[in-house]
Amino acid sequence: MAAGFKTAEPLEYHRSFLKENCRSDGRELGEFRPTTLNISSISTADGSALVKIGNTTVICGIKAELTMPPSDAPNKGYMVPNVDLPPLCSSKFRPGPPGEQAQAASQFIADVIESSDLINMEELCIEKSKLCWVLYCDIMCLDYDGNLLDACIIVLLAALKNAQLSEVTINKETDLAEVDIQKKKPLKINRLPVEFCRNDKNDSIIIVDPTAEEESLSTALLTVVTDEEDRLCAVHKPGGTSLSGEKLQHCINRAITRNKEISKLVGKVIESTKTAK
């Protein structure tokens with residue numbers, strides 16, 4: 001009976017739970033699904049990680065290459081994020097060029113990198129106007145069940161924390177780059193977990209970490225990014241119904257709490273890997 005009600009009236013089905021301040025999967029309104037993290041998932045990458053938030057599974061590989069610095073920033077390196085949503089992760093995605101959601105996710109990650117000082121790009125420069133590192137950050141969704149941006153930010157941060165760059169020097173006599181793969185150093189980064197909220201149609205109920213089905217029934221989606229010093233880095237709200245200042249502040253506060261939880265998780269996983277070595 002319940003399955004038939006869910007199929008025939010999915011919105012009313014979910015609202016029947018929201019009225020009781022819970023959700024159809026048993027979670028409270030402000031409760032995240034279990035989050036697990038693995039690093040060094042791709043042996044051929046310079047840094048990698050895999051994160052699972054409930055069923056949503058995302059993997060990230062970092063590939064570092066040497067190149068010339070951009071002409072408008074000769075003393076900086078740069079990062080190129082790309083989010084891939086292949087058909088294997090959900091039937092809603094089709095083969096071919098990146099769809100609208102994948103492009104929007106890639107742009108969101110790029111904006112967060114730029115606005116948050118995630119990495120000091122000057123540290124990626126080896127010699128001004130001559131040589132720098134470019135970090136290609138390839139993020140692929142393996143299983144899509146909502147809250148994609150949260151998963152993308154977490155897996156990117158973990159992969160960057162896992163990344164190691166070889167020592168590079170410029171030979172003064174030949175003016176060529178010399179790479180010492182035996183000497184590697186980690187990247188210096190800030191931590192920036194993300195919080196995802198949903199605004200329900202009639203009751204203006206905010207829930208966090210929505211599933212794909214909850215997202216499809218929502219009237220507004222909101223992503224809030226904070227850093228480890230509780231500073232607001234980015235707010236992303238692609239249309240939908242309005243949100244009061246009070247509810248926005250509630251989401252920011254919840255994002256700060258989530259930041260501490262994920263920072264602790266990433267730190268624990270990184271440390272356990274060092275211990276294992």
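Strand 3 (residues 56-67) and strand 6 (residues 131-143) pair in the antiparallel sense over 11 bridges, pairing being assigned if DSSP finds at least two bridges between two strands, and within this pairing Lys63 has Tyr136 of strand 6 as its bridge partner. The model is predicted, with local features needing pLDDT of at least 70 and side-chain atom pairs counting only at pLDDT 80 or more, whereas totals for chains, interfaces and linings use all residues. Residues are numbered from 1 along each chain as its sequence is written, and side-chain values use heavy atoms, with hydrogens and water left out. Helices (H or I, at least four residues) and strands (E, at least two) are DSSP runs numbered from the N terminus.

Strand 3 also pairs antiparallel with strand 2, and Ala49 has Cys60 in strand 3 as its bridge partner. Two hairpins are set out below.

| Hairpin | Bridges | Residues between strands | Turn residue with positive phi |
|---|---|---|---|
| Strand 2 (residues 47-53) and strand 3 (residues 56-67) | 7 bridges | 2 residues | Gly54, about 65° |
| Strand 11 (residues 220-226) and strand 12 (residues 232-236) | 4 bridges | 5 residues | Asp230, about 65° |

The axes of helix 3 (residues 100-116) and helix 4 (residues 148-162) come within 11 Å and cross at roughly 45°, the axes being lines fitted to C-alpha atoms over the stretch in contact and the angles running from 0 to 180 degrees between N-to-C directions. Helix 3 is therefore oblique to helix 4 (under 35 degrees counts as roughly parallel, over 145 as roughly antiparallel, 65 to 115 as roughly perpendicular and the rest as oblique). Gln101, Ala105, Phe108, Ile109, Val112 and Ile113 in helix 3 meet Leu148, Leu149, Cys152, Ile153 and Leu156 in helix 4, contact meaning heavy atoms within 4.5 Å. By class, this contact of helix 3 with helix 4 has 10 nonpolar, 1 polar and no charged residues, where Ala, Val, Leu, Ile, Met, Phe, Trp, Tyr, Cys and Pro count as nonpolar, Asp, Glu, Lys and Arg as charged, and the others as polar.

A search of the whole structure finds 1 aromatic pair. The ring centres of Phe93 and Tyr144 are 5.3 Å apart and the planes stand at 90°, so the pair is edge-to-face (centres within 6.5 Å; planes under 30 degrees apart count as stacked, over 60 as edge-to-face and the rest as tilted). Because Phe93 lies in the loop between strand 4 (78-84) and helix 3, and Tyr144 in the loop between strand 6 and helix 4, the pair ties together parts that are 51 residues apart in sequence.

Methods. Rings of Phe, Tyr and Trp (its six-membered ring) pair if their centres lie within 6.5 Å; planes under 30 degrees apart count as stacked, over 60 as edge-to-face and the rest as tilted.
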